[in-house]
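Me: I have a structure open and some quick questions about it. Can you take them one by one?

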Amino acid sequence: METKKTFPQIEEDIMKFWEENKIFEKSVENRKESNSYVFYDGPPFATGLPHYGHIVAGTMKDLVPRFWTMKGKRVERRWGWDCHGLPIENIVEKELNLNSRKDIETMGVDKFNEACRSKVLIYADEWKRIVKRLGRWVDMENDYKTMDVDFMESVWWVFKSLWDKNLLYEGHKSMHICPRCETTLSNIEVSQNYKDVKDISVTAKFELVDEPKTYVLAWTTTPWTLPGNVALAVGPDLTYVKVEMGEEKYILVKELVAKFFDGKEYKVLGSFKGSDLVGKKYVPLFDYYKDADLINKENLYVIESADFVSTEDGTGVVHIAPAFGEDDMRLGQEKKLSFIQHVGQDGRFTADVKDFAGKEVKPKEDPAATDVEILKYLSAKGLIFSKEKYAHSYPFCWRCESPLLNYATNSWFVKVAEQKEALLKNAEKINWVPDHLKEGRFGQWLEGARDWSISRSRYWGNPLPVWKCECGNIKVIGSKKELEELSGSKVEDLHKHFVDKLEIPCDKCSKKMKRIPEVLDCWFESGSMPYGQMHYPFENKAKFEANYPAEFIAEGVDQCRAWFYVLHVLGVSLFNKNAYKNVVVNGIVLAEDGQKMSKSKKNYPDPMLVVDKYGADALRFYLTSASVMRAEDLCFSEKGVDEVYKKVVLILMNVLNFYKMYEARVDVKAKSENVLDQWLMTKTNLLIQEVGEKMEAYELTKAARPIADYIDELSTWYVRRSRDRFKEESEISPAGATLRQALEKLSLVLAPFMPYLAEHIWQTLGNKDSVHLQDWPEVDKKAIDKKILEDMSRVREIVELGLAARDEAKVKVRQPLQYIRYEAKELNKEFERIIAEELNVKEVKWTEGIIIKPGRMMKESGDLKVALNLEITEELKWEGLVREITRQVNNLRKEAGFTIEDKADLVYSTESEQLKEFFTKENFVEQLRKATLLASIKVGEGTNEVKVNDEKLKITLTKS
Ligand SMILES: [Zn+2]
Ligand SMILES: [Zn+2]
């Protein structure tokens, strides 16, 4: 016997059908190139397996292109891989046990880079398997990789174009560095990983040179920067006081005296303006640089004025270390202060800092440990006034989780700040779903736009195409050919370990120009993907230009400050255009308990196990119906997928099977005047219209929800109410033709959302080709009858009230009743017949003015009133028994495996007077015989005991 396949197994068969028949390829090639719809796919890293976040975004990226394909567009979909940068470098470092940049350089950059190249696509095959199984159509064979020479060349073209437009510069700035990765990070990367931490803050004592035992108090949350102190800053217009306590005197801003001295015995000696302090010299906390040979040494350890000093926290005096903060660095440049870099880019104190040389300033394991040591050291010298725990938000490396340092260093920057107007203006043209992100997260990030640091002191990346000469001459290269011509060497690969060897003769002097060592931020590459994936402008020039900007992109909400942003910045920089027109943003998928999904906590089910159990379509539809497609968080619930499986997949399979049972006898061309059929066609066409409109507006969740409602009504109302019609010769064709049409249209509407289920329905209905090669269905406006819709919902209201009345009176629906009366607008006979069948009443009557009478139950809702007659006459009692016994006999038939062709003989026995009497009522026994296909009914010795209205009946059924 053939075992029935589960739906997930059916999905796998369909997947094979698509593959063998190249349905995806056909769905693209069938459409004209002149009618293209461009979608940019953000490249993921293949350094881990896909998680639910990828699956949500992947579903959106499948749903939208499938819809537009059905609308007649050619939607080419090419997969991309992000290959460069810290994610892959960190993996290789761990595997090869390399702990610093020095280790990498000792091993050799060429070996390191080739090791990275070999590991980049380590999970690519798994990705291919999973993406395919999820029903996502995308060309993964002809994929682009950011490490391909063509892609890299386009990135060089982007870089050179920006250089030619004067949008790039090299600057010395205070930025965040990761001391472990030993590179600067962009504000995009820094913003991704802030955490709440507890640090230690100290208030240090700086003794005035001219007034021994008088100390200026300055507060800092980064005690490790104190050896790099070069000045103190005060607000020139703020009021400061001198406070005496014991033998010592302290200077701080007036407003904060209470905070530091409350509960202590102290005396205020006098007050003065901050400007009076400016120019005074103080004794440094550490003497490491006292005798060093520094530029601007005459200004070392002097009080300066600054506009950023506030009275909000601290002491109103700011400790200035220009190498470790933005304000500090600006003040240093303005006041010509010395520049002390007492920490290396590896995050360790330099040899100058004798007492702490080589120590990490922010150890990853215990970030406050070094601060505590500094504190102890200064305390021992009597240079600490107070200390306290300090809770704040601090940035960590997005790859290696080391605490970042604010650090002044050289970097290359894209001028973003000066393009703010253009960025905002072009951003107005972008449609966001949900729309609050436009002005919110994205708009605000643009408002605060800062220059973008794009150079990284790393190895496995696209090298900055910049060659420099000792004479100061700079050359930026924009293509492979240009490099070949200038260097006189053949260029096959643009990676660092190849191009660093190439020298260019300087055209300003006789020396050789060498490439600068840095590589590009990998966000610069993913932001260049529109150009890189097409090798623009070296190839596909006309095609690219005809199709820019893209119609649609989709990613998670974290990309507002990352990929969405860099695409926009580069699009505006290059063409003064937005790079995309529509963007759909998904939220974060959390575990069911609202916690972050965590592999170690195992607080979520493996996505592929969920697919094996319920199928890809159930998972897809569950995600699409959730607001996670509108940037809201979703607590993933396997129960939710199970519910979709049961309420959508299994129910539709049942409806389909029901239709298939009768299919052979249905004339599919039959027309119908039946209101149920007209109602279903109205519903179907409204569904096509609504889903189409929402999809065109990129409101994916709003497009999905009506589908589930439709399926529910199709099954629980239309099919249930039409069951009996399928048994009548005159009705089977109109009902069958209607149901078939509804299923066929539904499969087209479902196709983008649940591609497997849609295909299964489509083909089970006898279509040979694929549903995914069809057009989106037209709305048949003539089939939409709003009146029928209204009347049917009135019918359902009456039924609901009638059932509530039965329920309250505890009268089973199987027990026929005489009538129900309703008061509201009168319905036509066809609708009344539906009510009669549904409520099992003999008559449905419209009445003006319903009155309460004994034996009636009244119910009302809004303008609707119904009265159900509950009186059970002798006649109705026997009819009820026919139904009860019919049900029991038919159950037995089913258990015995009888088909509708099989006639049976019934033998019964009972002690019940009522049942004995029933079997004497020829008229009703005849009804029973017909309803259960019995050849004969005889009293005798029944074997199966069943209950009929609480009375015992024993029956035996044999095939006759
Ligand atoms: Zn790092
Ligand atoms: Zn030169």
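Me: What covers the buried residues of H27?

Reply: The cover includes helix H1 (7-20), helix H3 (52-70), helix H7 (124-133), helix H22 (616-625), H23 and helix H26 (729-750). Contact means heavy atoms within 4.5 Å. Helices (H or I, at least four residues) and strands (E, at least two) are DSSP runs, numbered from the N terminus.

Me: And the ground rules?

Reply: This is a predicted model: local features need pLDDT of at least 70, side-chain atom pairs count only at pLDDT 80 or more, and totals for chains, interfaces and linings use all residues. Residues are numbered from 1 along each chain as its sequence is written, chains are lettered from A and ligands numbered from 1 in the order in which they are written, and side-chain values use heavy atoms, with hydrogens and water left out.

Me: How many residues of H27 are buried?

Reply: Eight of the 10 residues in H27 (755-764). Buried means under 20% relative accessible area, exposed over 50%, partly exposed in between (1.4 Å probe, protein chains only).

Me: Which ones are buried?

Reply: Pro755, Tyr756, Leu757, Ala758, Glu759, His760, Ile761 and Trp762. Just after H27, Gly766 has a positive phi of about 105°.

Me: Switching to metals. What coordinates the zinc ion (ligand 1)?

Reply: The SG atoms of Cys178, Cys181, Cys397 and Cys400, at 2.2 to 2.4 Å. Donors are N, O and S atoms within 2.8 Å of the metal (3.2 Å for Na, K and Ca); water is not among the atoms, so sites may look incomplete.

Me: Why is its arrangement tetrahedral?

Reply: Because the four donor atoms subtend angles of 103 to 120°. Four donors count as tetrahedral if all angles lie between 85 and 135 degrees.

Me: What spacing do those donors follow along the chain?

Reply: C-x2-C-x215-C-x2-C. Cys181, in the loop between S3 (168-178) and S4 (183-185), and Cys397, in the loop between S13 (384-395) and S14 (405-414), link distant parts of the chain, 216 residues apart. Cys181 and Cys397 are buried.

Me: What about the zinc ion (ligand 2)?

Reply: Its donors are the SG atoms of Cys469, Cys471, Cys506 and Cys509, at 2.2 to 2.3 Å. The site is tetrahedral, with angles of 103 to 116°. The spacing is C-x1-C-x34-C-x2-C. Both Cys469 and Cys506 are buried.

Me: Where is Thr146?

Reply: In the loop between S2 (139-145) and H8 (149-164). Thr146 is buried, at a relative accessible area of 0%. Its side chain reaches the backbone nitrogen of Cys83 at 2.8 Å. Residues that Thr146 touches include Trp81, His84, Phe151 and Glu525, leaving out those up to four places away in sequence.

Me: How big is the second largest pocket?

Reply: About 2200 Å³. On a 1 Å grid over the protein atoms alone, a pocket is an open set of points with protein on both sides within 12 Å along at least five of seven lines, and lining residues have an atom within 4 Å of a point. Grid points are joined across faces, edges and corners, and a volume is the space filled by probe spheres set on the points.

Me: Which residues lie closest to its centre?

Reply: Arg723, Asp724, Lys727, Thr886 and Asn890, out of 50 lining residues. H30 gives the most to that lining, with nine residues.

Conventions:
Tetrahedral: all angles 85-135°; square planar, octahedral: opposite > 155°, others 65-115°. Polar contact = N/O pair within 3.5 Å; in protein donor to acceptor, adjacent residues only side chain to side chain. 1 Å grid on protein atoms, 1.4 Å probe; cavity = no way out; pocket = protein on both sides within 12 Å on 5 of 7 lines; lining within 4 Å.
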